[in-house]
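Welcome to the tour! Open your viewer, get ready to select residues, and follow along one stop at a time.

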Amino acid sequence: MAADLDMVNLLVLAGATLAIPILSFVASFILWPSALIKIYYWYWRRTLGLQVRYADCGGYRFCYSYRGKPGFRPSILMLHGFSAHKDTWLTMVKYLPKHLHILCVDMPGHEGTTRTNSEDYSIQGQVKRIHQFVENVRLNRKPFHLVGTSMGGNVAGVYAASFPSEICSITLICPAGIRYPCETKFDNHLQDLEHSHYTLSIPLIPSTPEEMEDMLRLCSHVRFKIPRQILQGLVDVRLPHNDFYQEVFMELLGENSRYALQENLQLITAPLQVIWGKQDQVVDVSGAVVVAEALPGCRVDLLENCGHSVVMERPRRTAKLIMEFIISLGTTSGTIKKRS
């Protein structure tokens, strides 16, 4: 009888022990979905072997994650898009070789990187800040491979044009900063915004779960079924930063930033790869033709059934294409032949 009671007590204790984390998860999902999202990113960084570090540059602080050490292949620096953060790249990093030296930096003012003034949020301002970061972490001891998506693609292209000796090769994923021959759904939104003198809400700066869902539909061709609690969590994470995002957005629409990449294309000498989702509704895939005409030797990879969020929609394919491109150049870090 005593043994039976001990067994019952053991089962009750085991059930209670299991119930605590389960109830905690359910409570977090319902009451604090934003906390759950932060834990998710922390978990995947840890799982993928990425470490978060800070680089202090005379009162300005960069936050970045990294994995590996400089080696046979070039180091890879990744620049995310507007209102995103370094963890944007986690889905793709999962499919990159673990021995590669990879750095994912929070762009100026984003996530853990310092916010200062609007000058830093123009494309040229961001290029200067990223160069400051590169020098601080001594990434430019050898030429490195630069990857940028959307706004980060605009910055990456102008960076490659401004500091050609530091770049051995470059990948632009759905880059902004080009005069696109064809309009997109987002272009129509921009026209409505301009006509309203920017009194309408900006599709890329959601403030409700419904607006968040609309933004995801705009940016992604693949339809993800996301619970309302998670949508609310995504909004809660972004909401305190929406004024900052609006400031950056207006700076990017300025005359010095809006077509910065196109104005600098001819100055890019490093081997160039362009990856674009054919169903991109934010920046039209016809931009790939513009880049190819300006730089005839570049490699263009167009992805079927894929929208603007290439890294989220096609992470494995994107990682494979980038590695194929780097390997096709056929040399070690620092000796890749530049475009003549």
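Start by selecting Ser220, which touches Ser309, Met312 and Glu313, leaving aside residues up to four places away in sequence; touching, or contact, means heavy atoms within 4.5 Å. This is a predicted model, where local features need pLDDT of at least 70, side-chain atom pairs count only at pLDDT 80 or more, and totals for chains, interfaces and linings use all residues. Residues are numbered from 1 along each chain as its sequence is written, and side-chain values use heavy atoms, with hydrogens and water left out.

Stay on Ser220: is this residue buried or exposed? Ser220 counts as buried because its relative accessibility is 2% (buried is under 20% relative accessible area, exposed over 50%, partly exposed in between, with a 1.4 Å probe and protein chains only). Now show the side chain of Ser220, which reaches the backbone oxygen of Val222 at 2.6 Å.

Helices here are DSSP runs (H or I, at least four residues), numbered from the N terminus.

Next, select residues 209-219 for helix 7 and 228-238 for helix 8; their axes come within 8 Å and cross at roughly 95°. Helix 7 is therefore roughly perpendicular to helix 8 (the label for angles of 65 to 115 degrees). The axes are lines fitted to C-alpha atoms over the stretch in contact, with angles running from 0 to 180 degrees between N-to-C directions.

Finally, display the side chains where the helices meet: Met212 and Leu216 are among those from helix 7, and Leu231 and Val235 among those from helix 8.

Methods:
Helices (H or I, at least four residues) and strands (E, at least two) are DSSP runs, numbered from the N terminus. Angles under 35 degrees count as roughly parallel, over 145 as roughly antiparallel, 65 to 115 as roughly perpendicular and the rest as oblique. A polar contact is a pair of N or O atoms within 3.5 Å; within protein, one must be able to donate a hydrogen and the other to accept it, and residues adjacent in sequence count only if both atoms are side-chain atoms.
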